[in-house]
Amino acid sequence: ACLLETPIRMSVLSEVTASSRHYVDRLFDPDPQKVLQGVIDMKNAVIGNNKQKANLIVLGAVPRLLYLLQQEASSTELKTECAVVLGSLAMGTENNVKSLLDCHIIPALLQGLLSPDLKFIEACLRCLRTIFTSPVTPEELLYTDATVIPHLMALLSRSRYTQEYICQIFSHCCKGPDHQTILFNHGAVQNIAHLLTSPSYKVRMQALKCFSVLAFENPQVSMTLVNVLVDGELLPQIFVKMLQRDKPIEMQLTSAKCLTYMCRAGAIRTDDSCIVLKTLPCLVRMCSKERLLEERVEGAETLAYLIEPDVELQRIASITDHLIAMLADYFKYPSSVSAITDIKRLDHDLKHAHELRQAAFKLYASLGANDEDIRKKIIETENMMDRIVTGLSESSVKVRLAAVRCLHSLSRSVQQLRTSFQDHAVWKPLMKVLQNAPDEILVVASSMLCNLLLEFSPSKEPILESGAVELLCGLTQSENPALRVNGIWALMNMAFQAEQKIKADILRSLSTEQLFRLLSDSDMNVLMKTLGLLRNLLSTRPHIDKIMSTHGKQIMQAVTLILEGEHSMEVKEQTLCILANIADGTTAKELIMTNDDILQKIKYYMGHSHVKLQLAAMFCISNLIWNEEEGSQERQDKLRDMGIVDILHKLSQSTDSNLCDKAKTALQQYLA
């Protein structure tokens, strides 16, 4: 049986390809006319026939076509027909494109662009356009040879086809600031701007797409676009005309994107009428039921991006066309009673319905980012909390991320944390999300956990009981600084006014080694939150004494290191506040009083040029000399000998009223 297997397979393949072989054989005919006819016949055979395309690739047609395309001896007509066939093969599957790339088709086609013949240039560009718009083609291939971009810019003036294909290539291959800069420096803005008034719709559309990718998150390009004139009209005005209701949807959407990106890059003010009265309403229109799935997705996502940083735009959007209710429909699509009669369309939409949910979550997150009333409206929308909770466990990572972002946005509301979040036990699915998620989800989910752990949140208790301490201590060991910050921040919130048992749990799980590692973290945010945690752990006397009796030596060591190090004013202020808390302990005080090095540092900061540091140092002294406490006399005497009283007299004359009052209060302890 084993011996038989190979021949059977071979015969199947040979049957499939035998009918195609004669096409390839004819490419090797010595008569150039027959070769040309062979290429033309091949062109007719492959149009719309993916099986035939695959067969010809397997039989090695591509290297021969590329050879003929590059041969000096080939006629222009033959070269052009070869480019057309290669373009048709590229229209097939992604595997076809991979095979073409493996044969180095791109350098061959770019070389073809140097020909004087326009028809041949257009055929090469059409094929390049098809290849570059495939997801398997690396964009970098357009930028490898530095002469390519300027040459393409020069070809823009040749015909409406060169304009359409080149703009399409640019808009697909412009990914990120480096590409934007290359295109910008080669005059993309000037060369493409006048195409917006081209008589060809396709050219106008591709030019518009170019501007949207060039302007995205790019202040330099955006600032330039604002001042570009085309036929005496400024570009933003042209974009506004293109987003009017009578224009095709694709054009309205892309113009709205251009204006959105220019606004977000700081080139157009958020209160400019072209944003408030034109762009925003256009994007809201795109969210309506009448639009196709992909239009609704793009409309909602672009609107979310536009209003994200601006509370005024969030308020305007929330009351435009019942947007909040309209987005609720994103979760009911496509329903069994959909009016979609086109089966192919229905099949497509069922596969992509999750994109609608993702877009709705994103837009809700932006809408509710700042305004309490809007958050309330969102939460009161039918079954909203249930939908978000369901979103947290969807299979699509993008939907999960968007649902977590939406929840995070709503969790900024004290009112909602106390009510809806509690009613729906949101913390349960959130803890599940935190178990094993990609970093981008972890960052938002842990950020939200920080809010659920605030002292007034009813979710705090059950979260603690479900093993949050270990989970958060684990996050503080992450390579990702954002996760370290959130882990420590959540622990800081957890320790605030907590009972001794919780504080002990945190210290045990975190371990002193890790605590001190975090105190020497290179990320300033991590350091600040760790100091915040320490300050919250060292609050209320019995807790201070208990923790200092077990960890006092290491904590004093860490405090010394920070006060001696090159740290910001904020870091040193937090550290002095921790010392003030220690000075408030009953037995913990002695750790400061017996440490002359620390006492000298407190004295130094009392005379510092920064008032906040002086005030923090004053708190330490006040807590050490307070009269009603045992041993206050000895402490006062020691500090007097150090010259502290002289400094207090000096500070009682301070122009800063706060500092002056604190110094006077401290001096009264000596007089009492």
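Q: Where is histidine 104 found?
A: Histidine 104 is in the loop between α6 (94-102) and α7 (105-112). The model is a predicted one.

Q: Why is histidine 104 called exposed?
A: The relative accessible area of histidine 104 is 57%. Exposed means over 50%. Histidine 104 therefore counts as exposed. Its phi is positive, about 60 degrees, although histidine 104 is not a glycine.

Q: What makes glutamine 497 exposed?
A: Its relative accessible area is 62%. The cut-off for exposed is over 50%, so glutamine 497 is exposed. Glutamine 497 lies in the loop between α31 (481-495) and α32 (500-510). Glutamine 497 is not a glycine, yet has a positive phi of about 50 degrees.

Q: Why is lysine 332 called partly exposed?
A: Lysine 332 has 37% relative accessibility. Buried needs under 20%, exposed needs over 50%, and partly exposed is in between. Lysine 332 therefore counts as partly exposed. Its place is the loop between α20 (323-328) and α21 (343-367). Not counting residues up to four places away in sequence, lysine 332 touches Glu382 and Arg387.

Q: How far apart in space are lysine 332 and leucine 563?
A: They are 58 Å apart, C-alpha to C-alpha. In sequence, 231 residues separate lysine 332 and leucine 563.

Q: How do you know whether histidine 354 is buried or partly exposed?
A: Histidine 354 has a relative accessible area of 25%. Buried means under 20% and exposed over 50%, so histidine 354 is partly exposed. Histidine 354 sits in helix α21. Leaving aside neighbours within four places in sequence, histidine 354 contacts Glu394, Ser396 and Val399.

Q: Which residues make the contact of α23 with α24?
A: Met385, Ile388 and Gly391 come from α23. Val399, Arg400, Ala403, Cys406, Leu407 and Leu410 come from α24. This contact has 7 nonpolar residues, 1 polar and 1 charged.

Q: Why are α7 and α8 called roughly antiparallel?
A: The axes of α7 and helix α8 (residues 118-132) cross at roughly 150 degrees and come within 9 Å. The cut-off for roughly antiparallel is over 145. That is why α7 and α8 are roughly antiparallel to each other. The crossing of α7 and α8 is left-handed.

Q: Which residues of α7 and α8 meet?
A: Ile105, Ile106, Leu109, Leu110 and Gly112 of α7 meet Phe120, Ile121, Cys124, Cys127, Leu128, Ile131 and Phe132 of α8. The contact of α7 with α8 holds 11 nonpolar residues, 1 polar and no charged.

Q: Which members of the largest nonpolar core touch the most other members?
A: They are Phe211, Leu367 and Leu579, in a core of 244 residues. Leaving aside neighbours within four places in sequence, leucine 579 contacts Met556, Val559, Leu563, Ile592, Ile598, Ile602 and Cys620.

Technical notes. Residues numbered from 1 in each chain as written. Predicted model: local features only at pLDDT ≥ 70, side-chain atom pairs only at ≥ 80, totals over all residues. Heavy atoms only, no water. Core = buried A, V, L, I, M, F, W, Y, C linked by side-chain atoms within 4.5 Å. Buried < 20%, exposed > 50% of the residue type's maximum accessible area, 1.4 Å probe, protein only. Contact = heavy atoms within 4.5 Å. Helix = DSSP H or I, 4+ residues; strand = E, 2+ residues; numbered from the N terminus. Nonpolar A, V, L, I, M, F, W, Y, C, P; charged D, E, K, R; others polar. Axes fitted to C-alpha atoms, helices over the stretch in contact; angles between N-to-C directions. Parallel < 35°, antiparallel > 145°, perpendicular 65-115°, else oblique. Left-handed = near helix turned anticlockwise from the far one by under 90°.
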